[in-house]
Amino acid sequence: MAIRSGGVSAVSTLVLSTLLHAFTHAFAAMLVPLYLLMQADLHLHGVQPAAIIVTVYGTVYMILSYPAGVMADRVSRKRMLGVGLVLNAVAIALMGLTRSYEVLIALAVLAGIAGTVFHPAANALVPEHFPKSPGMAIGLLGIGSGLGFFAGPQYAGWRAESAHWHWQSVANWQRPCLELGAAGLVAGILFLIFAKEARPKADRGGSVRIDPPALGKKLRWGVVATAAVLGCRDFAGVACLTLASIYLQKAMKLDAKETGLIIGTMMLTGVVVNPLAVWLSPGRRRLPGLAIVLVIAGGTIATVPFVANRFELLIVLCVFQALQLGSYAMSDAGMLERVPANVRGRVVGLFLSIAGTFAALSPWVMGFWVDTMGDRAHERLSYLGPFGLLGAMMVIAAFSTPIIAKLGAPDEKAISPLSEIMPATLEIV
């Protein structure tokens, strides 16, 4: 069956998907600089209960990724993405209207269910619009993660300290939830209106049902093994947000606004790094480059407790996040270039169900670890253990590269997505 690449509609879908990517990660990270404000307002015992809200969100988000991947290979990926963001935005906005801890946990579950569809659906939809350059398309899509991780914490910390509007009994930490939730709702609606599918209707639940092929034993276990090892990178990356936020407020004595600014700024590097990392590591250079990036990132994050100057600390955190976020684009591209387009949703979903669920536990782990420190949590060198652990996990993740290599061979003839704007014929078997 012959179809045409989407032309301008493919580019618009990539742009809109990148916007959705930004909101998805902004929602996931926005509560991080608000932990201490939430603890005080909700009368929680320690940082751990506040971190559990983020852990619940992330765990549900990740553990349901494989079912979401199965859906992404069978139904409309566009609808999955648009409806998912709308529900995610509603859940975040409702967090700004309740002071019940139990309701916050329930809303975290709802937000996780809504957010889980993004990566399986987007990582399958976007490369299919650019069949000659799937790796670079993933790199450009990754710009959204940098934007989201930057805007979420920074905006939340800024508005929690600076917003002065009042409505009923909304607390300072709840105002950014309402504001970002409303913005995400608008973005989801725009996506549903303007984004385009890449597959023929029959391949996504049309009148003639065509079931996608099975993953196969070799591919399935290859993805499982990759997730088991590379999941150490995912754990360290998510853990760093919570640990750095607590460290900045307790050991460095910063407020929520300053903490949000630093956390957001260190994530902004992903805007440039994600596409750049993919562009600099084409074909067979991708996996060796990934291993080098992971090892250097591990050494970088372990030095945090030794850096006393705020500006120098910001540089260290930015370097780590540049390497860590770049590794996501490289590993995603490295895997998806090696698998057929009609199984990518399940490949991404299976990977995230394992690696992501493990990573989602990290906010609780970091919150628990800091709570056990007691008064020592106000001393920089008390954090040698947790930051050292994150560094070691990044190095362990480098051993995932030979496993990824066994998934298949990359396309050595990949081109820039910009050269695919003009319609071209793609044969689907």
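In the predicted model, helix α7 comprises the 12 residues 118-129. At 1.5 Å a residue these should span 16 Å, and the end C-alpha atoms lie 16 Å apart, which agrees. Helix α7 is largely enclosed by the rest of the structure, because 12 of its 12 residues are buried. The buried residues include the nonpolar Phe 118, Leu 125 and Val 126, together with His 119, Asn 123, Glu 128 and His 129.

The largest nonpolar core contains 123 residues. Within this core, Phe 27, Leu 31, Met 95, Met 266 and Tyr 383 touch the most other members. Helix α11 (residues 217-250) gives the most to the core, with 15 residues. When residues up to four places away in sequence are not counted, Leu 31 touches Met 38, Ile 53, Val 54, Met 95 and Cys 177. In soluble globular proteins, nonpolar side chains tend to be buried together.

Helices α5 (77-95) and α10 (175-194) each supply at least two of the patch residues. The largest share, six residues, comes from α10. Leu 97 is placed in the loop between α5 and α6 (101-115). This residue counts as partly exposed because its relative accessibility is 45%, between the limits of 20% and 50%.

How values were computed: Residues numbered from 1 in each chain as written. Predicted model: local features only at pLDDT ≥ 70, side-chain atom pairs only at ≥ 80, totals over all residues. Heavy atoms only, no water. Helix = DSSP H or I, 4+ residues; strand = E, 2+ residues; numbered from the N terminus. Expected span 1.5 Å × (residues − 1). Buried < 20%, exposed > 50% of the residue type's maximum accessible area, 1.4 Å probe, protein only. Core = buried A, V, L, I, M, F, W, Y, C linked by side-chain atoms within 4.5 Å. Contact = heavy atoms within 4.5 Å.
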